[in-house]
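Student: I'm new to this one. Can we go through its charged side chains together, one step at a time?

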Amino acid sequence: MFDPDNPWMKRLNPVLFLFPAMAIYLVFAIYPTISVVEYSFTDWDGIQPERNFVGFENYQRLWGDRIFWQAFRNTMVWSGVIIVLNVGLGLVLAAMLARVWKARLLIQTLIVLPVVISPMAVATIWRWMYQPTGVINQMLEQVGLGGLATPWLGDPNVVLYALAVAHSWSTIGLSVIIFLAGLQAVDEDLYEAAKIDGANPLQSFRYVTLPALRPVTAVVFILTLTQSFKVFDIVWATTQGGPIRFSEILSTYMYKRGALENDYGYGAAIGVSLLVIVSLATAIYMKIQTREDS
């Protein structure tokens, strides 16, 4: 019935193979996204079947919402800290680990292990460690740095950074693994040539490792950026945005307004804003990367 040598069938075959995956993606990713955009233009409360079209009213409310802008600033700080830790520190750890031959598998396992721990378990672990009488403050007192001890989750000046460190602890292993895979693809002859030219380890890292890992770094950056913007569990399970909204980020604020206060249309508008911010940040970074590569 179907002739495999038919030119039309040859063109159609790739489409047929991609169709199941595309259908799943459209149903479970694209359709919900379009629905959220649609809800953001309504006054739907998330319960009643009726919803009225209100145009850009929800977005006008965002513009004058002081809490939204505070959550926006916190989200920017949160993402900046996590990108520095997961991309910067992750790259350094991977470069150091690539040169370790003894107990490398054990160290690698210890770094990656937190990735498989559920976010709620991570929140529980760090909530205990950040207690005023928790292990972190006890260790600071033991080494004579008791003056730095603080109620980490109750101090408005440090709570956001403390939670960002906890989140990075649970996700940096994925960055390290990706960087390690990229490092294995770097030609060892480049390091030998740099060594012959008199380059020290720091110069080899600057002029050989970093340029070779540019595509890998772009992948890790985008993964880290999207992860940092969509995080919810660890903040909600530890502080719920407190104290006094100093750890409020866009995802927790969206949940409060949409799910807890039954203002689903407004919550959807916050979600769409989050989507636009992540898309813009990714596009700008890719544009910069493309320009540097060219």
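**Salt bridges around an arginine**

Student: Why does Arg257 count as buried, and what is its relative accessible area?
Tutor: Keep in mind that this is a predicted model. Buried means under 20% relative accessible area. Arg257 falls in that class because its value is 14%.

Student: And Glu261, is that one buried, exposed or partly exposed?
Tutor: Glu261 has a relative accessible area of 48%. Exposed would need over 50%, and buried under 20%. So Glu261 is partly exposed.

Student: How far apart are N and O where Arg257 and Glu261 meet?
Tutor: Side chains of opposite charge can pair when their charged atoms come close. A salt bridge needs the nitrogen within 4 Å of the carboxyl oxygen. Arg257 and Glu261 do form one, and the N to O distance is 2.8 Å.

Student: What is the N to O distance between Arg257 and Asp263?
Tutor: Here both residues, Arg257 and Asp263, are buried. Their side chains meet in a salt bridge, N to O, at 3.5 Å.

Student: Asp65 also pairs with Arg257, so how many residues apart are they?
Tutor: The closest N and O atoms of Asp65 and Arg257 are 3.7 Å apart, which makes a salt bridge by the 4 Å cut-off. Asp65 sits in the loop between helix H2 and helix H3, while Arg257 belongs to helix H12. The pair links distant parts of the chain, with a separation of 192 residues.

Student: Which residues do shared partners join into one network?
Tutor: The structure holds 7 salt bridges. Bridges that share partners make one network of Arg61, Asp65, Arg257, Glu261 and Asp263.

Notes
Residues are numbered from 1 along each chain as its sequence is written. This is a predicted model: local features need pLDDT of at least 70, side-chain atom pairs count only at pLDDT 80 or more; totals for chains, interfaces and linings use all residues. Side-chain values use heavy atoms; hydrogens and water are left out. Helices (H or I, at least four residues) and strands (E, at least two) are DSSP runs, numbered from the N terminus. Buried means under 20% relative accessible area, exposed over 50%, partly exposed in between (1.4 Å probe, protein chains only).
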